[in-house]
Amino acid sequence: MLPVLIPILVLSVTPLVYGIALAFTDAQSGRTEPTEWIGLLNFTDLRQDTLFWESFRTGLLWAAGVTVPQFLLSLGLALLLSGRLRFRWLARVLAIVPWAMPEVVVGIMWRLVYHPDAGILNETLGTDRDWLGSLGSALPAVILVGIWAGMPQTTVALLAGLQNVPGELHEAAAIDGAGAWRRFTTVTWPAIRPVALAIGALAFIWNLNSFALVYVLTNGGPGGRTRLPMLFAYEEAFRYGQFGYAAAMGCVLVAVVSVLLAVFLAGRLKGRDT
Amino acid sequence: MRAGPRTPGEARRRPATAPASRPPAGLVLRRRAGRTAQYLALLGYLVFLAFPLLWLVSTAFKPPRELATLHPEWIPDHPTWDNFRQAFDEQPLLRAAGNSLLAAGSAALIAVAVAVPAAYVLARHRNRLSRAATGWVVVSQAFPLVLLIIPLFLILKELRLIDSMAGLVLVYVTWSLPFALWMLTGYARALPPELEEAAAVDGAGRLRTLVSVTVPLLAPGIAATALFAFITAWNEFFFALVLLKSPEKQTMPVVLTHFLGAEGVADLGPLAAASLLATLPSLLLFAVIQRRITGGMLAGAVKH
């Protein structure tokens, strides 16, 4: 069975291992002298880089700000869509659209909505605000877009989880006079908990690593208020050519993500029959 | 003014005498209120979902005068196709679409060709190696793209493949491989092994069985996986932004950002028009395979 796995190993494992290794070098683009190992120097530099920590904090705020409301809304929606309602198909079909759209288009679309003059948001609210351009509203504004863009995936995944809820248990609980909330806490949630937590963890990780959406919406501005870690690392690597340093940033993100993944994988392995 | 006969609504109103078999009025009312709340929630979601989309469409069909106004309207007074024509004039959209088609198409085909045998093996053999591979797939989904692109950039530079379609395709294959593997393993596990055993009893070898029994049975799953890989590559932005420097090689999403201009001052009409056009292919394909994708993801998420 090994031969068929070799292409995977070469194509997928090599770049990531190489990427982590680069974090311990002084690799730069367009430099003529050979790259050298510099140990933890990138990381000690990173420790003093206040701009990076600012972007890291922004990244965590963004990821939490998107994931938590998105998860709750998606759960509510999935419960709604799994029930017997008319027009459910319409909601299901529409819900897929943001998923199929290029992130760049989603960003452009919301720029049109947020546009200070020609945008529909100011016209609807009767305000006169540069939503993406002012320090106070930029991060909340991009978070709203993140929620919009990511809801389909989480909703569909949660809907799938809901299909595993045994219907008889639900009916039995209903006959026993349990209200909707009680049925949710005693029957539905315990049944979908492992899947739901996994979805939440993955969504958080994806959001932490996101790039295109915010790049198009604000490119990190105003004043760095929406500069996510990935935007920061991209600039460091491809504008200033600091490959080693940018790789070190990536490693810090991986370290955070690994903790989450460990929790996630532990949960999955426990829930598995093998 | 209507002063004549009673309105239909009034005529339909009945005295409130419920049949004896009905549940108590309080419960019915509560249930009806719950129903209404559900529909309102659904309606709220649909509005949240649809309003930016409708605004994009509206903007795409507005003449410049209606875009420059301080009080924009939902429905253009003088809808026009000019923005679409102008979009093609301003940026090389056809070429960009061709580049995207080439990159996404090749990447999808190669990724699936590599992933099918691997997925088959992972689905049929459960041991430490296959479990490690599955774990790796999950882990790789969580890696920040910088950690992938910097080494790939250096490798491609060695191979002189920076700013080339071949380099981009290679990166897309690397990037979509784990997920393709995941989806396909899910599909392969759903196949009954008895069919392969029967083929083996008939004297067919491993490879023969894979080609003549497993692949045909897997065909719908393979198609769905390939289309999904195509859509993600068609929509992809980060790698294309980093790798493609010359304008004539750039893909659709990168070209779209050129409409935004350096200062973020954009020609809104053509921008919206081009965005709509760029979305159509993935939207259509997604509609075709939507059920399969969600099914495949579930198979992956639930069974692994």
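This is a predicted model: local features need pLDDT of at least 70, side-chain atom pairs count only at pLDDT 80 or more; totals for chains, interfaces and linings use all residues.
1. A word on terms before we start: helices here are DSSP runs of at least four residues, H or I, numbered from the N terminus.

2. B:Asp163 has a phi near 60 degrees, a positive value in a residue other than glycine. B:Arg160 sits in the loop between α7 (146-158) and α8 (165-190) of chain B, and its phi, near 55 degrees, is likewise positive in a residue that is not glycine. Most residues other than glycine have a negative phi.

3. Is B:Asp163 buried or exposed? Because buried means under 20% relative accessible area, B:Asp163 counts as buried at 17%. For B:Arg160 the relative accessible area is 75%, so this residue is exposed, the cut-off being over 50%.

4. Chain A has a backbone feature to look at too. A:Gly221 and A:Pro222 are joined by a cis peptide bond, with omega at about -10 degrees. Most peptide bonds are trans. You will find A:Pro222 in the loop between α10 (212-217) and α11 (229-238) of chain A.

5. Now for the overall make-up of chain B. The chain has 13 helices and 0 strands, and of its 304 residues, 49% are buried. Looking at contacts in chain B between residues at least 6 apart in sequence, 74% join residues at least 24 apart. The chain exposes about 15500 Å², with carbon and sulfur atoms supplying 65% of that area.

6. One residue gives a local view of such contacts. B:Ala97 belongs to helix α5 (residues 93-124) of chain B. Setting aside residues up to four places away in sequence, B:Ala97 touches B:Trp234 and B:Met252.

7. How much area is buried between chain B and chain A? The figure is about 7800 Å², and carbon and sulfur atoms give 82% of it. On the chain B side, the elements that give two or more residues are α2 (25-60), α5, α6 (128-141), α7, α8, α11 (238-243), α12 (252-258) and α13 (268-303). The largest share of that side comes from α13(B), with 17 residues.

8. The contact takes 87 residues from chain B and 82 residues from chain A. The salt-bridge count between the two chains is 0, while 6 residue pairs are found in polar contact across the interface, both residues being at pLDDT 80 or more.

9. Last, a surface feature of chain A. A:Phe87, A:Trp89, A:Leu90 and A:Val93 form a nonpolar patch on the surface, and together they have about 430 Å² of accessible area. Of these, A:Leu90 is placed in helix α4 (residues 88-100) of chain A.

Notes. Residues are numbered from 1 along each chain as its sequence is written. Chains are lettered from A and ligands numbered from 1 in the order in which they are written. Side-chain values use heavy atoms; hydrogens and water are left out. Patches are made of residues with over 30% relative accessible area and no salt bridge: like charges are joined within 9 Å, nonpolar side chains (Val, Leu, Ile, Met, Phe, Trp, Tyr) within 5 Å. Accessible areas come from the Shrake-Rupley method with a 1.4 Å probe; for residues, only the protein chains shown count as cover. A salt bridge is a side-chain nitrogen of Lys or Arg within 4 Å of a carboxyl oxygen of Asp or Glu. Contact means heavy atoms within 4.5 Å. Buried means under 20% relative accessible area, exposed over 50%, partly exposed in between (1.4 Å probe, protein chains only). Buried area is the accessible area (1.4 Å probe) that two parts lose on being put together, summed over both. A polar contact is a pair of N or O atoms within 3.5 Å; within protein, one must be able to donate a hydrogen and the other to accept it, and residues adjacent in sequence count only if both atoms are side-chain atoms.
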